[in-house]
Amino acid sequence: MTTGAGIYFDGQTSVRQDVGVALGASGLEIAGRDGRLLAQWPYDQIEGLAAPDSVLRLGRRGSAALERLEITDTQFAAIIDARALHVDRTGLRQRRQRIRVIGWSVAATASLLLVAWFGVPAIAERLAPLLPAGIERKLGEAVDMQVRTLLDNRRLGAGFECGSQDSEKPGRAAFDKLMQKLQTAADLPLPVRGIVVRRTEANAMALPGGQIYVFRGLIEKAATADEVAGVIAHELGHVAHRDGSKAVLQAGGLSFLFGMLLGDFVGGGAVVLAAKSVLQSSYSREAEAAADAYGTALMNKAGGNARALASMLEKIGGATEPGMQILLDHPETKARIAAINRLAAERPAEPMLDAEEWAALKRICAG
Amino acid sequence: MRMTSLEASATAAHGAIRFLGTRRAYWRLLVRGALLLIVTLGIYRFWLATDVRRFLWANTEVAGETLEYTGTPFELLIGFLMAITILVPVYAGFFLGALGLGTIGQLSGVIAFAALAVLGQYAVYRARRYRLTRTIYRGLRFHQGGSASAYALRAVLWWLATALTLGLAYPFQLASLERYKMRNTYYGDIAGHFAGSGLRLLWRGLPMWLMVFAPLALTVGAFVMAVDWKALGDALGAGSDDVMSRIEGGNPQLAGVIVFAMLMAGTAVTLAALLYPAFQALVLRWWSSGLSFGELSVTSTLRMRHVYGAYVRFLWYGLLFCIAMAVLGAVGLVAVGLLAGSGPTGAAGEIAATGLLLIGYVIMALGFSTIYRATVLLSLWQLGMESLQLSGLSALDRVKAGGTPSSALGEGLADALNVGGY
């Protein structure tokens, strides 16, 4: 079969022409009903185009005009397919191209994960110390607002912060004294503000810019003032190491990597959030160890009992930050406790607060 | 549903538009695409979008000739990269602005929202241009003139009006924006035109609007009646910490009204969900009946029950999918439980659990979007097309070529900003 029927559009007008198509030596010859030659298409310039399964639709590669030739005879279509280089009815070439795309995007994924795992923390690590104090304070304020809305779930009534009512004032004074002792020993370049908040969990947290929250649950669970001081010293370690700012930079970097570059296919936003929380919990392990070391050294220097941090850690199951739920029997917490006890100096004679002050601190959220 | 397509095909014989594709082929295309989306973390979406359009266009036959989509995945990929180039500095600017001092810092969220809203509409218009210039029919290109910025401004102002009028301006918004789009749309050298009347759509849609908003209005009325405004003012004026209990004390009926409000809100949401397919059918029929190209004009005979049929199939497949996922999830949990008994615990286990949850979430989201595309979206395309009656077809015989292909920047922006269409 060297000739067949087709439908031809010349790309200039919408006129539909019934044509005869002949297989020439070097290309297709398209002739009108009257035998007039309409077009000659060299085989290497013919390309197959998207069409329903029953039609072979051909065009000319690189042609500005959208000339189209449609063949409905399956046998004749197969013959043209065999001769024309760029007609790909079986989809083989397309499949190959797609496999290449999949290969490259898997590689891109791997590189992205590597950057997220190693690159982003490394960048945050180096960038955080360079942040000017003003910007860090701003960051802290922004984070503070979010944290407050997250944590502040009490009924309207008593304030979120403890120590503002008359019956709580002595407790506040004791707490301030404890903070003052630790701050003097720490000698940080930026002012630190510590407050006790009405939350029942035994926890504490440090925000960027030197804001420290101690939860009332922690003070209730503590046996001595030194245990509270130990946890505050640990948080001061986070402030000194600028871990809060690092976390914000990391979160920003990760959401940029996953959110922007990948775009948002269905539910991508949730994927980003989950990925971030997984990655960030892994960052914080080293930060915790460093804050422990700092806290222990600070307690030694401030004349407190550094082992109190270890005993407090044992009580609260290693979770010094909200959301960090590492069980006590986990080797990691045991290793932390052992490391603190290794670094701790001999127990001093005097506790950080006297009995009266400690009793007042215990009642800081009583109002 | 087979019944439906037969019915619709029968009307198509003289309506001159047929859909040739099979559901099976479309399902295959979408399921394969969803799997590859997971493997490639979403990069495959450019290929999937192109496949979907090729399929829909190529299988839509108008007056004996099928449409052709000539866009390529690489164009979409490049468009996306261009969009990133524009958006990254914009995002970085907003991030820095949020840290900035004073009013600029506080307003940066609002400014960012407004800027992205305008940019989103800009993207919508340019993406439409890309799709039109990649649509070939009888060897001629569709194309679109007009200014994307002018359109974006118009669209954002209209959205504002629609929001302020609780949706009553929406028909006029649709009509106005569609007029702008269509008078800048060309097939070869013939210009498009949109004649749909916003007032007519408002008139037809008003019963639905009333059904959704009546319960809400009742709620507001009940509040006005029940609340003792003086007591409320006193409670707020007292400035005490315990405002809530004072408000409750001053208004014994308030609890009842709140229960009533919740019931009414539930009613409104349910009605809105139930009426949505009818609304969609109404808008689709109104919209397509307003379209014309030169002497070629269109009327639509779309039936509401067919659209409801599509949603019923969506719910049915969704239910089957949920059951399958529940079974798989149970098996997975048991397997994880067995592994966790012997394997690492604590942090590693936590990460593994989060990872599994993540995968489960992605599969659920992709599964539902696939089912939605294969049922509702495909049916809307097919029903929308096959219900059209064309008149003045002879206008198609003497069209001359015009227009050039445009860049895919708009598609990229629409993709990055999540405002994409088909």
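Of the 422 residues of chain B, 30% count as buried in this predicted model. The secondary structure of chain B amounts to 14 helices and 11 strands. Among contacts in chain B that join residues at least 6 apart in sequence, 73% link residues at least 24 apart.

**Domains of chain B**
- The domain assignment divides chain B into domain 1 (40-195 + 398-422) and domain 2 (197-289).
- In the contact, domain 1 of chain B and domain 2 of chain B take part with 8 residues each.
- On the side of domain 1 of chain B that touches domain 2 of chain B, 6 residues are nonpolar, 1 is polar and 1 is charged.

**Helix packing in chain B**
- The axes of helix α8 (residues 198-226) of chain B and helix α11 (residues 254-289) of chain B lie 9 Å apart, and the two helices pack at an angle of about 175°.
- Because angles over 145 degrees count as roughly antiparallel, α8(B) is roughly antiparallel to α11(B).
- The contact of α8(B) with α11(B) comprises 24 nonpolar, 3 polar and 1 charged residues.

**Confidence in chain A**
- Chain A has a mean pLDDT of 81, with 86% of its residues at 70 or more.
- Among the elements of chain A, strand β7 (residues 68-71) of chain A has the highest mean pLDDT (93), whereas helix α8 (residues 268-302) of chain A has the lowest (72).
- Over residues 323-329 of chain A, pLDDT stays under 50. For residues 323-329 of chain A, the model has 15 contacts beyond four places in sequence.

How values were computed. Residues are numbered from 1 along each chain as its sequence is written. Chains are lettered from A and ligands numbered from 1 in the order in which they are written. This is a predicted model: local features need pLDDT of at least 70, side-chain atom pairs count only at pLDDT 80 or more; totals for chains, interfaces and linings use all residues. Domain bounds come from an automatic or database domain assignment. Two residues are in contact if their C-beta atoms, placed from the backbone, lie within 7 Å. Ala, Val, Leu, Ile, Met, Phe, Trp, Tyr, Cys and Pro count as nonpolar, Asp, Glu, Lys and Arg as charged, and the others, Gly among them, as polar. Axes are lines fitted to C-alpha atoms, for helices over the stretch in contact, and angles run from 0 to 180 degrees between N-to-C directions. Helices (H or I, at least four residues) and strands (E, at least two) are DSSP runs, numbered from the N terminus. Angles under 35 degrees count as roughly parallel, over 145 as roughly antiparallel, 65 to 115 as roughly perpendicular and the rest as oblique. pLDDT is the predictor's confidence in each residue, from 0 to 100. A residue is buried if 20 or more other C-beta atoms lie within 10 Å of its own, exposed if 12 or fewer, and partly exposed in between; C-beta atoms are placed from the backbone.
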